[in-house]
Amino acid sequence: METGGPFLAIYLNDHLAGAAAGVGRSRALAQAHQGRPDEERLGRLADEIAADRGALLAVMASLGVPVRHYKSIALSVAEKAGRLKFNGSLKERSPLTDVVEYEFLRLAVEGKAAGWRTLRALADRTPDLDAAELEKLHDRAQRQIDVLEDLRRTAAAEVFTSG
């Protein structure tokens, strides 16, 4: 059996499924902002979120945790369906969509940060986990949270004060 037992395998696969949804949502958000002032920040954020998914896959491989693709597929489908919500505009992207998507992504990244903290705590007794790398990943997640909060605050101010 892989390091950490079945509960760690379930936990990591759940995080991997969330990461797949986060990659999809962040890329869609970056694409929606092409040609807009936040295009570069969102592109960088989407790249980092994709890299974090890769880091999680590497952690799982180092621990011998098998990837359960069905979880990632199910959450990716749900993430795509979530894009179909109506936010006050049927034909165009509503300004409210940005607020909701920044909030969604921030919650997802907060979950990712908690996952890195959990793994960091296990690293003290699990030689296959690199504590320093997990600390870097956690710090990057914290920076992503700050970026998303800044974007959310700006978008909310624009939406709710523009009438």
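Angles under 35 degrees count as roughly parallel, over 145 as roughly antiparallel, 65 to 115 as roughly perpendicular and the rest as oblique. This is a predicted model, where local features need pLDDT of at least 70, side-chain atom pairs count only at pLDDT 80 or more, and totals for chains, interfaces and linings use all residues. Residues are numbered from 1 along each chain as its sequence is written, and side-chain values use heavy atoms, with hydrogens and water left out.

**View 1. Helices α1 and α4 cross at roughly 150°.** Helix α1 covers residues 5-32, and its axis comes within 10 Å of the axis of α4. Axes are lines fitted to C-alpha atoms, for helices over the stretch in contact, and angles run from 0 to 180 degrees between N-to-C directions. The two helices, α1 and α4, are therefore roughly antiparallel to each other. Helices (H or I, at least four residues) are DSSP runs, numbered from the N terminus.

**View 2. Helices α4 and α5 cross at roughly 165°.** Here α4 spans residues 95-123 and α5 spans residues 131-161, with axes that come within 8 Å. So α4 and α5 are also roughly antiparallel to each other. Their contact holds 21 nonpolar, three polar and 10 charged residues; Ala, Val, Leu, Ile, Met, Phe, Trp, Tyr, Cys and Pro count as nonpolar, Asp, Glu, Lys and Arg as charged, and the others, Gly among them, as polar.

**View 3. R25 lies over the face of F104.** Look for R25 at 4.7 Å from the ring centre of F104. A charge sits over a ring if NZ of Lys or CZ of Arg is within 6 Å of the ring centre and within 35 degrees of the ring normal.
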